[in-house]
Amino acid sequence: MTVISPRWLSGVLLGATLAVGAGTGAAQSQEFINVLTGGTSGVYYPLGVALSEIYADNIEGARTQVQATKASVENLNLLQQGKGELAFALGDSVQAGWDGVQEAGFPQPLTEIRAIAAIYPNYVQIVASADSGIKTLEDLRGKSISVGAPASGTELNARAIFAAAGMSYDDMGKVEYLPYAESAELIKNRQLDATLQSSGLGVAFIQDLAATMEINIVAIPAEVVESIGAPYVASTIPAGTYDGQNQDVPTAAIGNILVTHAGVSEETAYQMTKLMYENLDRMIASHAAANDIDPAKALDGLSIPLHPGAERYYREAGLM
């Protein structure tokens with residue numbers, strides 16, 4: 001599904017004219033920025049909307065679009081094909097894409113992708129209905145669970161977590177490959193016991209579940225996370241993140257990366273990087289996960305080359 005911003009809609013007729021006259025000076029002044037996100041009930045999407053609005057307001061002639069996708073793996077493959085200018089992706093998916101890991105959804109190495117910034121961590125969040133009795137990873141045996149879209153970044157996280165815990169999908173009663181919103185609806189309707197999703201804290205679908213029924217947030221012990229190794233790190237979902245969650249819950253965190261491709265101009269990549277940091281208040285207003293976006297941490301854990309435009313910004317800012 002593609003969701004198009006009002007600013008872009010208002011320029012559709014102009015865009016059609018420019019497409020016909022691609023060789024004219026007017027056409028060359030236009031800047032099209034398609035932001036690849038994730039499901040609309042996740043964190044990537046509202047942050048992507050905020051970025052598209054920031055760019056539309058501050059890059060002269062920019063036409064922006066926000067595209068809802070299956071997130072990391074799809075986003076990276078679209079970038080490789082030049083079908084987007086900016087994308088959100090999990091750090092482990094970025095590494096797998098660069099290396100061309102076929103079982104992760106990358107038939108060939110994604111040689112065109114380039115980094116803009118490490119942004120905020122995703123937390124692996126396993127939520128189960130209280131009625132299911134699921135409180136630990138072992139309790140998932142024989143139960144029904146969704147693990148994100150097939151070969152998505154979230155699903156790669158699920159495979160890694162279960163393998164580290166000595167489990168596999170074969171141990172589950174049923175495995176569904178569904179994103180946030182669909183998983184939440186099935187849990188509400190007692191058609192699914194649990195879901196594993198990778199997202200920023202305070203994600204809307206868990207907030208919604210917690211407001212309508214009793215849930216358990218399932219712990220992922222630190223020793224399980226440490227056995228996987230980088231880019232996974234042991235972390236915590238703080239008490240009170242969701243209604244009824246009265247204790248800290250140990251889990252795994254993986255960094256998110258903003259990614260572009262080599263075909264994006266240096267000036268555009270520079271502006272996309274600079275404007276994000278200059279408008280963090282707008283990013284935070286769109287979702288609290290943006291509180292963790294810090295230019296001082298922008299280069300942490302990057303496994304692919306920086307785009308020259310982003311590098312230019314970090315050098316100007318004294319960060320390189």
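Q: What makes up the lining of the largest pocket, sorted into nonpolar, polar and charged residues?
A: The lining divides into eleven nonpolar, 17 polar and three charged residues. Ala, Val, Leu, Ile, Met, Phe, Trp, Tyr, Cys and Pro count as nonpolar; Asp, Glu, Lys and Arg count as charged; the others, Gly among them, count as polar. This is a predicted model, where local features need pLDDT of at least 70 and side-chain atom pairs count only at pLDDT 80 or more, while totals for chains, interfaces and linings use all residues. Residues are numbered from 1 along each chain as its sequence is written, and side-chain values use heavy atoms, with hydrogens and water left out.

Q: Which residues lie nearest the centre of the largest pocket?
A: They are Gly38, Gly39, Thr69, Lys70 and Pro179, out of 31 lining residues. Helices (H or I, at least four residues) and strands (E, at least two) are DSSP runs, numbered from the N terminus. The space in the largest pocket is about 500 Å³.

Q: What makes a space count as a pocket rather than a cavity?
A: On a 1 Å grid over the protein atoms alone, a cavity is a set of points where a 1.4 Å probe fits but cannot get out. A pocket is an open set with protein on both sides within 12 Å along at least five of seven lines, and lining residues have an atom within 4 Å of a point.

Q: Which element gives the most to the lining of the second largest pocket?
A: Strand β11 does, with five residues. The elements α6 (91-99), β5 and β11 each supply at least two. The lining has 20 residues, and Ala118, Gly255, Asn256, Asp300 and Gly301 lie nearest the centre. By type, the lining holds eleven nonpolar, six polar and three charged residues. About 430 Å³ of space lies in this second largest pocket.

Q: Why is glutamine 65 called buried?
A: Its relative accessible area is 10%. Buried means under 20%, exposed means over 50%, and partly exposed lies in between (1.4 Å probe, protein chains only). Therefore glutamine 65 counts as buried. It is found in strand β3 (residues 62-67).

Q: What makes the link between glutamine 65 and asparagine 34 a polar contact?
A: Their side chains are joined at 3.4 Å. The rule asks for a pair of N or O atoms within 3.5 Å; within protein, one must be able to donate a hydrogen and the other to accept it, and residues adjacent in sequence count only if both atoms are side-chain atoms. The 3.4 Å pair is such a contact.

Q: What shows that strand β4 is mostly covered?
A: Five of the five residues in β4 (residues 86-90) are buried. Leu86, Phe88 and Leu90 lie on one side, and Ala87 and Ala89 on the other.

Q: What makes β2 and β4 a pair?
A: Two strands pair if DSSP finds at least two bridges between them. Two bridges join β2 (residues 31-36) to β4, and the strands run parallel. Leucine 36 has alanine 87 of β4 as its bridge partner. Strand β11 (residues 249-261) also pairs with β4, antiparallel and over four bridges. There, phenylalanine 88 stands opposite leucine 258.

Q: How many aromatic pairs does the structure hold?
A: It holds seven.

Q: Why is the pair of tyrosine 180 and phenylalanine 205 called stacked?
A: Rings of Phe, Tyr and Trp (its six-membered ring) pair if their centres lie within 6.5 Å; planes under 30 degrees apart count as stacked, over 60 as edge-to-face and the rest as tilted. Here the centres are 5.1 Å apart and the planes are at 20°, so the pair is stacked. Tyrosine 180 sits in helix α8 and phenylalanine 205 in helix α9 (residues 204-212), 25 residues apart. Tyrosine 180 is buried at 12%, and phenylalanine 205 is buried at 4%.

Q: What are the distance and angle of the edge-to-face pair of tyrosine 313 and tyrosine 314?
A: The values are 5.5 Å centre to centre and 75° between the planes. Both tyrosines are buried.

Q: Why does arginine 190 count as exposed, but alanine 71 as buried?
A: Arginine 190 has a relative accessible area of 53%, so it is exposed. Alanine 71 has 16%, so it is buried. Arginine 190 is in the loop between α8 and β8, and alanine 71 is in the loop between β3 and α5. Neither is a glycine, yet phi is positive: about 60° for arginine 190 and about 80° for alanine 71.

Technical notes
Points joined across faces, edges and corners; volume = space filled by probe spheres on them.
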